[in-house]
Amino acid sequence: MDKIPDNRAWWLVLPVFLLVAFSALIPLMTVVNYSVQDIFGPGQAYYVGTEWFKEVLADERLQDSLIRQFVFSGFVLLIQIPLGIGVALMMPKSGVKGSLCLILIAIPLLIPWNVVGTIWQIFARGDIGLFGWGINQLGIDYNYTGDTLDAWLTVLLMDVWHWTPLVALLCYSGLRAIPEAFYQAAEIDRASKWAVFRYIQLPRLKSVLIIAVLLRFMDSFMIYIEPFVLTGGGPGSSTTFLSQTLTTMAIGQFDLGRAAAFSLIYFLIVLLISWLFFTAITHADKEK
Amino acid sequence: MAEIQLKALAHSYSDTPSGPDDYAIRQLDHVWHKGGAYALLGPSGCGKSTMLNIISGLIQPSEGEVLFDGKRVNELSPRDRNIAQVFQFPVIYDSMTVYENLAFPLKNNKVPASRIKVRVQEIAEVLEIEDKLHKKARNLTADEKQKVSMGRGLVREDVSAILFDEPLTVIDPQLKWKLRRKLKQIHEQFDITMVYVTHDQLEASTFADRIAVMYDGQVVQFGTPTELFEAPNHTFVGYFIGSPGMNIVEVERCSGGVCFGSTVLPLESWQVDILKRMTSGNLKIGIRPEFIEISPVSSDDTYEANVLDIEDLGTYKIVTVQLGEQELKVRQDEEFEASIDSRIHLSFPKQWLMLYVDEFLVQEQQ
């Protein structure tokens, strides 16, 4: 077939272009716009180039919260992924018990994020919270509003409670998709429980685990409401994560230029790490 | 290696079986002797895979016992029965290489690494996949995958038995024949009890010394291919074995033999004697298409019949004839010529006339 050169065909791309423009490009460009200018008021904007970026990268407060953020996300993945797999493995395969388990496990996922923060804020209090009171009764001195380690543990515990069910549900669906024949063959081949997990279940969970790891990384890296409600970022700034620092900067101090530059860096970090995870997992056992 | 005995075995997939129809296997006694190569032959849904899974322990029988060398193993898992099984569709561990797949059962059995290497190489050579050993198993073609699947069954040396559940279904016909020969060779070489489930009589008879024919949850005959052919113990065996199957005709008692329509078939005197003692009215006569003779002239013991159809199958012909109301198939040499609707004369050699009462063969008592 002969190709007919007709540049009017470009018009056909217009709807998609508009859609992408409104959904992503224009909002993002606004941020880019702020990040390269210093704006004092309407009509009083000065182009400053990469100055904001340099300043933001050198800001110790931001560096600290970035480090905290990485530590937090690291722990979230280290705890929630294995725990989620474990829970999924232990859930009943079918029947009424299976359905009941699914419902019970899914409950934390249905609770609004700021409510989760509120629940734990009360639950973990030493005076009226069952959890905090119980720990104190065990003779362990626990106070999440005063002690850095306690605050961290509480934030982590809250996130584990809130989001491990997501990993568990994803893994459960992955496990159910493994045909019975594989288990039968493994039984015949006298595979141990560990071998069944390592060579049959885990490889077949790979695709859901990619999703779980990416979702959990992105969500935990952008966490805001729950620690904000629970600890308000304290004690001191020990549980102030990146998004809270950013919000303080943008809304509290109305420092739009720096906040915009910082937002872009934040966005690029999330993008980069997600890409790294994705490539690492998908290329993990490709044939050489 | 072990002798596998099934004692009063019955299995139903329903928790509350109410009648014989609920049973996949009905009251069955059977022995698979040590070191034999057996086939379990039957149509789809007759219970053969169920029986295999009961032997391997993947299914718990609802009634009866499974004995390995006289010891009850009902409660033992497949792991503890030490049995190998190859499934109908390839099951491979797709994150592993072919080598790792074949080594997997040995590793699980804590076989020393040096021995694993030798053994995997040996099996790979037999199955002709030695050049694929370091490929990822998931990148193989369907028949290569099935070879790997079979290899995993064959690789262990100490198994009680190897069970094959229609293992060649996904393999193309030429390779099928080759692999069947391979299995037979492996059997001769290692002398392992093998049970091979199939619905293909040719597959069964090329692989096995003795064939168990299953029908409707029961083993209706257990014998050599020749026995199944010459003296089918049940009308189903007659019909199922041979191509085309046995001619089976419903008959009634007549003096000196049996008859259908206006045709009277004289029987051997012992058959007549037994028939006199039986009360059942469910009588059938079976004769193989190969054993009916066609002669051009009529004589005292011939019957006149009408040619309905002749099928030329290349090396022989199948002639469909009508005798009274009854259609019969006759197998003839390639040289046989007759025109449709012409009259021919049939004779039925007495030694090949099988009498069935209530579907089972009446045999001469010694």
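Predicted model: local features only at pLDDT ≥ 70, side-chain atom pairs only at ≥ 80, totals over all residues.
**Ground rules.** I number residues from 1 along each chain as its sequence is written, and I letter chains from A and number ligands from 1 in the order in which they are written.

I looked up the open sheet of four strands in chain B and found the order β2-β1-β4-β5 with antiparallel pairing; strands here are DSSP runs of E with at least two residues, helices are runs of H or I with at least four, and both are numbered from the N terminus. Two strands count as paired if DSSP finds at least two bridges between them. β2 (23-32) and β5 (71-72) of chain B stand at the edges with a single partner strand each, so one side of each has no neighbour in the sheet. I then followed β1 (residues 4-12) of chain B, which is joined to β2(B) by six bridges in the antiparallel sense, and noted that B:L9 has B:L28 of β2(B) as its bridge partner. Helix α1 (residues 48-56) of chain B packs on this sheet and touches β1, β2 and β4 (63-68) of chain B, its direction making about 120° with that of β1(B).

**Entry 2, two hairpins in chain B.** Further along I checked β11 (residues 247-254) and β12 (residues 257-260) of chain B, which pair in the antiparallel sense over three bridges. They form a hairpin with two residues between them, and B:G256 in the turn has a positive phi of about 80°. β12(B) is also joined by four bridges to β13 (residues 263-266) of chain B, again antiparallel, in a hairpin with two residues between the strands, where B:G261 in the turn has a positive phi of about 55°. I used B:C259 to connect the two pairings: this residue of β12(B) is the bridge partner of B:E252, and it stands opposite B:V264 in β13(B).

The domain assignment, automatic or taken from a database, gives domain 1 (4-236) and domain 2 (248-361) for chain B. Five residues of domain 1 are in contact with eight residues of domain 2, where contact requires C-beta atoms, placed from the backbone, to lie within 7 Å.

Among the residues making the contact are A:I105 and A:L109 of α4(A) and A:W161 and A:L166 of α7(A).

I found 16 residues of chain A in contact with 22 residues of chain B. On the chain A side, α8 (180-188) and α9 (193-221) each supply at least two residues, and α8(A) gives the most, with six residues.

Terms used
Contact = placed C-beta atoms within 7 Å. Axes fitted to C-alpha atoms, helices over the stretch in contact; angles between N-to-C directions.
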